[in-house]
Amino acid sequence: MRGFLQSRLGVFLPMMVSLVCVALCCTIWLIYAVITDEEYTTLVNTEVLIDTSALPEKPTVSDWYAIAGQVLENNDWDLSANLTSVFYGDLPCQSGPALNVLAMSFADSYLNGPIPSVKHAEIILNRANSTASVHIYCSPMRKLRPSLRLSEVEVGFYEALEIADRQGGQEFRDRVSDACNIGFFIDSDYVWKIDYQKQAQYRERWEIWVDARTGEAKQHQGPVLNE
């Protein structure tokens with residue numbers, strides 16, 4: 001009897017393993033098909049009023065982060081306010097311009113049924129008219145962007161801009177008589193990417209990178225001329 005059972009087990013066990021493998025492969029394929037075919041889904045796309053009365057004369061990124069967190073909460077953001085980047089591209093060329101407009105991106109993961117997904121938010125904050133443009137959307141998770149932790153930013157925006165000026169930005173500004181714009185970007189690389197650009201019949205641009213932890217700077221790119 002034992003030999004009979006062993007022989008039967010020897011026949012059916014490989015079949016069972018094969019069936020489990022096929023089922024597992026089909027499940028993985030189905031999930032992959034759903035993830036790759038589904039597009040981004042917009043949840044919120046609006047402009048709201050914000051209270052900027054408590055902002056200092058020269059607000060910092062942290063000051064704006066507090067307001068952005070409230071904007072997320074008011075628009076049914078039920079995840080962590082994981083900041084992923086801060087950026088803007090149209091500050092006036094001058095010494096120490098106030099950070100009165102900037103954009104922030106957020107992202108956090110969650111389960112949409114059995115599918116790992118990501119909720120994204122992009123917020124443009126504007127002190128001039130006390131508004132925030134809010135775009136919240138979700139998508140299947142392909143890759144979650146790392147968080148930008150403001151507690152690890154040792155060199156703030158204003159100090160980074162002063163460093164960039166000394167590294168060549170002031171030279172550029174003097175040459176064009178401040179007829180230019182300043183843009184910046186920072187994410188989980190913890191590097192302020194600051195560029196000075198003049199718009200005319202051609203585009204001239206200098207880009208200077210400042211390490212947000214050490215203050216080390218270098219002229220990463222420039223000048224660049226594009227017809």
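I take helices (H or I, at least four residues) and strands (E, at least two) as DSSP runs, numbered from the N terminus. Before using them I note that this is a predicted model, in which local features need pLDDT of at least 70 and side-chain atom pairs count only at pLDDT 80 or more, while totals for chains, interfaces and linings use all residues. Residues are numbered from 1 along each chain as its sequence is written, and side-chain values use heavy atoms, with hydrogens and water left out.

**Entry: overall layout**

I looked up the secondary structure and found 3 helices and 9 strands in the protein, which follow one another from the N terminus as α-β-α-β-β-β-β-α-β-β-β-β. For burial I use relative accessible area, with buried meaning under 20%, exposed over 50%, and partly exposed in between (1.4 Å probe, protein chains only). On that scale, buried residues make up 38% of the 227 residues in the protein. The protein exposes about 13200 Å², of which carbon and sulfur atoms supply 54%; these areas come from the Shrake-Rupley method with a 1.4 Å probe, and for residues only the protein chains shown count as cover. I then turned to contacts, meaning heavy atoms within 4.5 Å, and noted that among those between residues at least 6 apart in sequence, 59% join residues at least 24 apart.

**Entry: two serines with positive phi**

I checked S177 and placed it in the loop between α3 (157-175) and β6 (181-187). S177 has a positive phi of about 55° although it is not a glycine, and with 63% relative accessibility it counts as exposed. S130 also has a positive phi without being a glycine, near 50°, and I found S130 in the loop between β4 (115-126) and β5. Its relative accessibility is 22%, so S130 counts as partly exposed.

**Entry: the disulfide**

I searched for disulfides, each a pair of cysteine sulfur atoms within 2.5 Å, and the structure holds 1. C93 is joined to C180, with an S to S distance of 2.0 Å. This pair links distant parts of the chain, 87 residues apart, with C93 in the loop between β2 (83-92) and β3 (101-112) and C180 in the loop between α3 and β6. The torsion about the S-S bond of C93 and C180 is about -115°, so I recorded the disulfide as left-handed. Both C93 and C180 are buried.

**Entry: S139 in strand β5**

Which residues does S139 touch, not counting residues up to four places away in sequence? I listed Y40, S117, V118 and H120 as the residues that S139 touches under that condition. S139 lies in strand β5 (residues 131-140) and is buried, with a relative accessible area of 5%. The side chains of S139 and H120 are joined by a polar contact of 3.2 Å; I count as polar contacts pairs of N or O atoms within 3.5 Å, where within protein one must be able to donate a hydrogen and the other to accept it, and where residues adjacent in sequence count only if both atoms are side-chain atoms. I also looked up C138, which is buried with a relative accessible area of 10%.

Leaving aside residues up to four places away in sequence, D165 touches Q170, R173 and Y196.
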